[in-house]
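The points are grouped by topic and may be read alongside the sequence and the structure.

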Amino acid sequence: MTQNVKEIFGESGGRGGTGASPPAPAALAAKVRTLAPSMTRSMQRVAEAVAGDPAGCAALTVTGLAELTGTSEATVVRTARLLGYPGYRDLRLALAGLAAQQQSGRAPAITTDIAVDDPIADVVAKLAYDEQQTLADTAAGLDTTQLGAAVAALAGARRTDVYGIGASGLVAQDLTQKLLRIGLIAHAHSDPHLAVTNAVQLRSGDVAIAITHSGSTGDVIEPLRVAFERGATTVAITGRPDSPVTQYADHVLTTSTSRESELRPAAMSSRTSQLLVVDCLFVGVAQRTYESAAPALAASYEALAHRHRSTPRR
């Protein structure tokens, strides 16, 4: 299935969806970090320029920004559209807003690169900052229209299958146990064969969710494709909105793409952003199904309560 730019960078893929609004100024930097790896090198230069100096770029015409970055006017316009803005004029307005926000309070000057000889206190500070930035970027870039549509589908689903491998498999298990505790039928699949054989049984009214940071994990894409073709509502949680998995997703929820370091593989930061999206899905579903969710959650707490009580020593 071929996707156009509108599907990849503004709306859901697959069977279509509702258009998204241009990102707010605060979300621009997060959008650049998320989409830059999938851009051409010339577009990356434009994106890096506007994120690095929003005030300076806001004062430039499209011709001026093209000259500054050694690209063309067409490349500048294409980059603006990939970032979610109808045109360069809208991007300039967002840059002016971002510049104003930065002047009122800048982020702390800290780098998340961890060296082998870093004191443990520095490691804690760097990891804490990176986690905060990852969560902030994910929240800023999350399409709430797509999120709402996914919540509605989950709340009314006959059953939900969630696919994830490795670190994403842990996130899949987290989502399913949350859904189970509010009385919904959900299954997590990390075995690719079992995932496909279960996906074959899905139909309209069911939901299938693929969790993959890269968006190109074949063992996750395959069951989602099968579920998509069977008529289930499909959701992709991924750090790459232009990745192969989105071809079979009715709704795409984008997570932050953090830089990978030698001592901190991408799986760590990607899991943080995925868990935020999972929590947003769960809370949204719990709100929609509150009358049944609240008693189910209370019953699950009660069933486990005796396991948390201390046992007197003999």
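In helix α3, the buried residues are Met43, Gln44, Val46, Ala47, Ala49 and Val50. The coordinates come from a predicted model. Helix α3 covers residues 41-52, and its end C-alpha atoms lie 16 Å apart, in agreement with the 16 Å that its 12 residues should span at 1.5 Å a residue.

**Packing of α3 against α6**

- Helix α3 packs with helix α6 (residues 73-82) at an angle of about 70 degrees, and the two axes are 9 Å apart.
- The two helices, α3 and α6, are therefore roughly perpendicular to each other, since angles of 65 to 115 degrees count as such.
- On the α3 side the contact is formed by Ser42, Met43, Val46 and Ala47, and on the α6 side by Thr75, Val76, Arg78, Thr79 and Leu82.
- By residue class, this contact of α3 with α6 comprises five nonpolar, three polar and one charged.

**Packing of α11 against α12**

- Helix α11 (residues 192-199) meets helix α12 (residues 218-229) at an angle of about 5 degrees, with 8 Å between their axes.
- This angle makes α11 roughly parallel to α12, because angles under 35 degrees are classed that way.
- Pro192, Ala195, Val196 and Ala199 of α11 make the contact with Asp219, Glu222, Pro223, Val226 and Ala227 of α12.
- The residues of the contact between α11 and α12 are seven nonpolar and two charged, with no polar ones.

**Nonpolar cores**

- The largest nonpolar core contains 27 residues, and Ile209, Leu253 and Leu281 have the most contacts inside it.
- Two or more residues of this core are contributed by each of α9 (144-155), α10 (167-181), β3 (207-211), β4 and α13 (266-288).
- Beyond four places in sequence, Ile209 touches Leu154, Thr160, Asp161, Val162, Tyr163, Leu175, Leu224, Val235 and Ile237.
- A second, separate core has 23 residues, among them Leu35, Val50, Ala66 and Leu98.
- In soluble globular proteins, nonpolar side chains tend to be buried together.

**Helix α10**

- The 15 residues of α10 reach 22 Å from first to last C-alpha, close to the 21 Å expected at 1.5 Å a residue.
- Buried in α10 are Ser168, Gly169, Val171, Ala172, Asp174, Leu175, Thr176, Lys178 and Leu179.

- Thr160 belongs to strand β1 (residues 160-164).
- With a relative accessible area of 3%, Thr160 is buried, because the limit for that class is under 20%.
- Neighbours within four places in sequence aside, Thr160 contacts Leu154, Leu179, Ile185, Ala186, His187, Val207 and Ile209.
- Val245 is found in the loop between β4 (233-238) and β5 (251-254), and at 0% relative accessibility Val245 counts as buried.
- Not counting residues up to four places away in sequence, Val245 touches Ala210, Thr212, Gly215, Ile221, Leu224, Ala236 and Thr238.
- Val245 and Ala210 are 35 residues apart in sequence, with their C-alpha atoms 7.8 Å apart in space.

**The protein as a whole**

- The secondary structure consists of 14 helices and five strands.
- Of the 314 residues, 46% count as buried.
- Among contacts with a separation of 6 or more, 71% are between residues 24 or more positions apart.

Notes: Residues are numbered from 1 along each chain as its sequence is written. This is a predicted model: local features need pLDDT of at least 70, side-chain atom pairs count only at pLDDT 80 or more; totals for chains, interfaces and linings use all residues. Side-chain values use heavy atoms; hydrogens and water are left out. Helices (H or I, at least four residues) and strands (E, at least two) are DSSP runs, numbered from the N terminus. Buried means under 20% relative accessible area, exposed over 50%, partly exposed in between (1.4 Å probe, protein chains only). Contact means heavy atoms within 4.5 Å. Axes are lines fitted to C-alpha atoms, for helices over the stretch in contact, and angles run from 0 to 180 degrees between N-to-C directions. Angles under 35 degrees count as roughly parallel, over 145 as roughly antiparallel, 65 to 115 as roughly perpendicular and the rest as oblique. Ala, Val, Leu, Ile, Met, Phe, Trp, Tyr, Cys and Pro count as nonpolar, Asp, Glu, Lys and Arg as charged, and the others, Gly among them, as polar. A nonpolar core is a set of buried Ala, Val, Leu, Ile, Met, Phe, Trp, Tyr and Cys residues joined through side-chain atoms within 4.5 Å. The expected span of a helix is 1.5 Å times one less than its number of residues.
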